[in-house]
Amino acid sequence: MAKRPRFNLRGPLILWSSLLSLFSIIGVFRTLPEMIHILTHHGFYHSVCIPSFIEQDVVCGFWSWMFALSKLLEFGDTIFIVLRKQELIFLHWYHHITVLLYSWFSYSEHTASARWFMVLNYFVHSIMYGYYALKLPL
């Protein structure tokens with residue numbers, strides 16, 4: 001990219017951010033009710049020590065799998081940064097790599113505390129990507 005002009009990708013970036021926001025909103029609506037149920041009926045201990053969200057709840061198990069897969073897709077953010085010739089900071093790629101590794105490991109091992117990580121990440125990404133989509137003018 002050193003000798004190439006930067007790409008103007010506002011339209012695709014708005015679509016990308018909107019789709020990731022929508023995906024995350026759906027993820028929140030499909031995983032948060034299970035966590036609320038566990039907290040109100042079984043307590044905090046169960047929410048961090050018993051992986052029932054993967055092992056016993058089919059919907060939450062599916063959305064846990066989607067969450068783990070989505071971490072690979074989120075590297076698309078990096079592609080947009082490179083193609084638009086923006087600064088690729090350490091925090092960006094470090095975050096994407098560590099979240100990918102943690103998500104894949106915790107899904108494969110049925111790590112119970114990943115329930116909190118997943119629901120909070122879905123929630124934050126639903127707001128964050130929605131903000132990114134709205135802040136980019138056409």
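Student: Which helix gives the most to the lining of the largest pocket?
Tutor: H7 does, with six residues, where a helix is a DSSP run of H or I of at least four residues, numbered from the N terminus, and a lining residue has an atom within 4 Å of a point of a 1 Å grid over the protein atoms alone. This is a predicted model, with local features needing pLDDT of at least 70, side-chain atom pairs pLDDT 80 or more, and totals for chains, interfaces and linings using all residues. Residues are numbered from 1 along each chain as its sequence is written, and side-chain values use heavy atoms, without hydrogens or water.

Student: How much space lies in that largest pocket, and which residues are closest to its centre?
Tutor: The largest pocket (an open set with protein on both sides within 12 Å along at least five of seven lines) holds about 540 Å³ of space. Of its 23 lining residues, Asp77, Ile81, His92, Tyr129 and Tyr132 are the closest to the centre. At least two lining residues come from each of H1, H5 (76–83), H6 and H7.

Student: Switching to cavities, how many of 30 Å³ or more are there?
Tutor: The search of the whole structure finds one, a cavity being a set of points where a 1.4 Å probe fits but cannot get out. The largest cavity has about 80 Å³ of space, and its lining includes Phe53, Ser64, Phe67, Ser103 and Phe117.

Methods:
Grid points are joined across faces, edges and corners, and a volume is the space filled by probe spheres set on the points.
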